[in-house]
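Please examine the structure shown below together with its sequence. The paragraphs that follow lead through some of its features in turn.

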Amino acid sequence: MESLTIRRPDDWHLHLRDGVMLDVVAPLSRHFGRAIVMPNLVPPVVTKAQAEAYRDRIRSAGFARPLMTLYLTETTDPQDVVAAHRDGVITAVKLYPAGATTNSASGVRDFEAVRPVLAAMEEYGVPLCLHGEVTAAEIDIFDREAAFLDQRLDPLRRAHPALKLTLEHVTTEEAVAYVCENGLGATITPQHLMSDRNDMLAGGMRPHFYCLPILKRRKHREALRRAATTRSEFFLGTDSAPHPQHAKEACVCAAGCFTAPHALALYATVFEEEGALDAFEAFASLNGPRHYGLPPNDDTITLVRDEALSLPDRHGDDPRVVPFDPGRPIHWHVQEQT
Ligand SMILES: NC(=O)N[C@@H](CC(=O)O)C(=O)O
Ligand SMILES: [Zn+2]
Ligand SMILES: [Zn+2]
C-alpha cells in the first residue's frame, strides 16, 4: 500500500505545557483533530477557571480543539468538577498517584480522600483518566503498573462501578488483559509500541527513550501491538511529553518522550509491520471518540509511504526539544494539505 486515507485522528493523551514551550509544541500537533490535554502544569490545572484560561492559551498558541482535563487533588471540589463538565469546559479528570511521574507532587496520596469527587463524577458521568502506577519505594519500577491493577484499580472500580475509566499509556501484558476483561478504555503510545527496555539501556543509556511508565521487556511490546491492531478498547494517545533538551540530557533525566510532530508516522510504521494497516483507522480515529461518546472527525488525512524519512533532530531553539527517534527507518508521512 502506497497511501492510506483515514478519518482525521485525535490524540487522547497529550502534554502541551505552557508559556514558551506551549508556543513551540502546539503547532506541531496540527495533524490531530482534537487532543485530550494533560493538566500537569506547574502549578497544575485544578479548577474550572484555570482550565478555561489554559484552553484559551492553547488556542492562541495554535492548537484549535483542545479537550481539557482537571488535575485531581485531595482538595478538589466535587461541585467545581461537575460544573466544569456540565458547561463543556472539561472532557475528563486526571488522577496522578503522588510522586508517580512528572509534576505529580500534588496528586493523590490517600485514595480515600478523593472518594467524594469520584462519587460525584460517577453520578454525573465525568470520565476519569489514570496514570496507572503505584509509587511505593519497595515496588520495582518495572512492576509498578501491574501492581497498580490489583492494589489501586480493583478497589477503585469496586467502589465506583459506573465510573468511566481510561487507563493511560498501558505498557504491560497484565494491563492489556485487565482492560479487555473489564471493558475499560486505554491509550497506547508510539514509543511503547516501537521500543523495549533494551533500546533504552543496552549498549548505552538513551535519555530520549526514558518515559513513565518505563519501557518494558519485549513480550510486553508484543502484547501492546496485538491489542492496538485487534481490540476496540485501545486507542491512540501519544503521551507526547516535551522537556527542554538540557532536562533530558542530564544526570537526572526528566521522564517523557516528545513524539507529537511525527507520531502518526511512527504508529503507521508499527501497523504496517504488523500487516494491519486496515486496522489503523479504528485505533487512530474511531475507538477513542467512541470511548468518550463523541463523533469521529468529519475530514480525513492521507498518509503516504515513501523512502525512509529522516526525522528532525530537534524542534525550537529556546526551549529546544529533541524528539523521540526509534533509531530505525520510518517510511510514512502525513501529506500536507495545500
Ligand atoms: N510520560 C512521562 O514520562 N511524562 C509525562 C507525565 C506522564 O504522562 O506520566 C510528562 O508530563 O512529562
Ligand atoms: Zn502518565
Ligand atoms: Zn502523559
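**The core, a sheet and a loop**

The largest nonpolar core contains 92 residues, and Leu-70, Val-93, Leu-128 and Tyr-267 have the most contacts inside it. Such a core is a set of buried Ala, Val, Leu, Ile, Met, Phe, Trp, Tyr and Cys residues joined through C-beta atoms within 7 Å. A residue is buried if 20 or more other C-beta atoms lie within 10 Å of its own, exposed if 12 or fewer, and partly exposed in between, with C-beta atoms placed from the backbone. Helix α11 supplies the largest share of this core, eight residues. Helices (H or I, at least four residues) and strands (E, at least two) are DSSP runs, numbered from the N terminus.

This is a predicted model, in which local features need pLDDT of at least 70 and side-chain atom pairs count only at pLDDT 80 or more, while totals for chains, interfaces and linings use all residues. Residues are numbered from 1 along each chain as its sequence is written, and chains are lettered from A and ligands numbered from 1 in the order in which they are written.

Three strands form an open sheet in the order β1-β10-β11, with antiparallel pairing; two strands pair if DSSP finds at least two bridges between them. Because β1 (3-7) and β11 (330-334) each have a single partner strand, they stand at the edges, and one side of each is left without a neighbour in the sheet. Five bridges join β1 to β10 (residues 300-309), and Ile-6 stands opposite Ile-301 in β10.

Thr-73 is found in the loop between β4 (66-71) and α3 (78-86). Thr-73 counts as partly exposed because it has 19 C-beta neighbours inside 10 Å.
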